[in-house]
Amino acid sequence: MVAVQSNNVSAVNEALNEIHVEEEDYDRLRESIDLHHNFDQIGLAQKIEKHELLEMRRVAAYIYKKEGKWKHSIVLSKKDKIYKDAMETVSQSGDRELLRSCLFTSLNRYRSHS
């Protein structure tokens, strides 16, 4: 199946992505997502956003970011305390309101730890 994935066929991409999820191979999953976009990306993100592995949840946030679902990506990153990912997403979004919200959250988090 991997040999024909270069054809970017939805059914093949989805089948391989499913295998990567089952095997908890988040590196290959992310590579597959980056190279072969023809599949239900939001559906995959929804499936893995509550996965027990942090790295799988990071892939879900990554998919949401790629799809322009900035807020959803940021919420997932912040929930897992991956603030660097959240800030990168805010930066890519170019949304000033999201920036203010993340900065406010970061400042409050910093103050509560001081």
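A polar contact is a pair of N or O atoms within 3.5 Å, where within protein one atom must be able to donate a hydrogen and the other to accept it, and where residues adjacent in sequence count only if both atoms are side-chain atoms. The exercises concern a predicted model, in which local features need pLDDT of at least 70 and side-chain atom pairs count only at pLDDT 80 or more, while totals for chains, interfaces and linings use all residues. Residues are numbered from 1 along each chain as its sequence is written, and side-chain values use heavy atoms, with hydrogens and water left out.

**Exercise 1.** Describe the surroundings of aspartate 85.

Step 1. Aspartate 85 belongs to helix H6, residues 83-93, where helices (H or I, at least four residues) are DSSP runs numbered from the N terminus.

Step 2. Aspartate 85 has a relative accessible area of 16% and is therefore buried, a term that means under 20% relative accessible area, with exposed over 50% and partly exposed in between (1.4 Å probe, protein chains only).

Step 3. Apart from neighbours within four places in sequence, aspartate 85 is in contact with Arg58 and Ser77, contact meaning heavy atoms within 4.5 Å. With arginine 58 there is a polar contact between the two side chains, at 2.8 Å.

**Exercise 2.** Determine how the buried residues of helix H3 are arranged about its axis.

Step 1. The buried residues in H3 (residues 41-48) are Gln41, Leu44, Ala45 and Ile48.

Step 2. Viewed down the axis of H3, these buried residues fall within an arc of 100°, so they line one face of the helix; the arc is that of the directions from the helix axis to the C-beta atoms. In general, an α-helix has 3.6 residues a turn, so residues three or four places apart point the same way.

Step 3. Helix H1 (10-22), helix H2 (26-35) and helix H4 (54-66) are included in what covers the buried residues of H3.

How values were computed:
Helix = DSSP H or I, 4+ residues; strand = E, 2+ residues; numbered from the N terminus.
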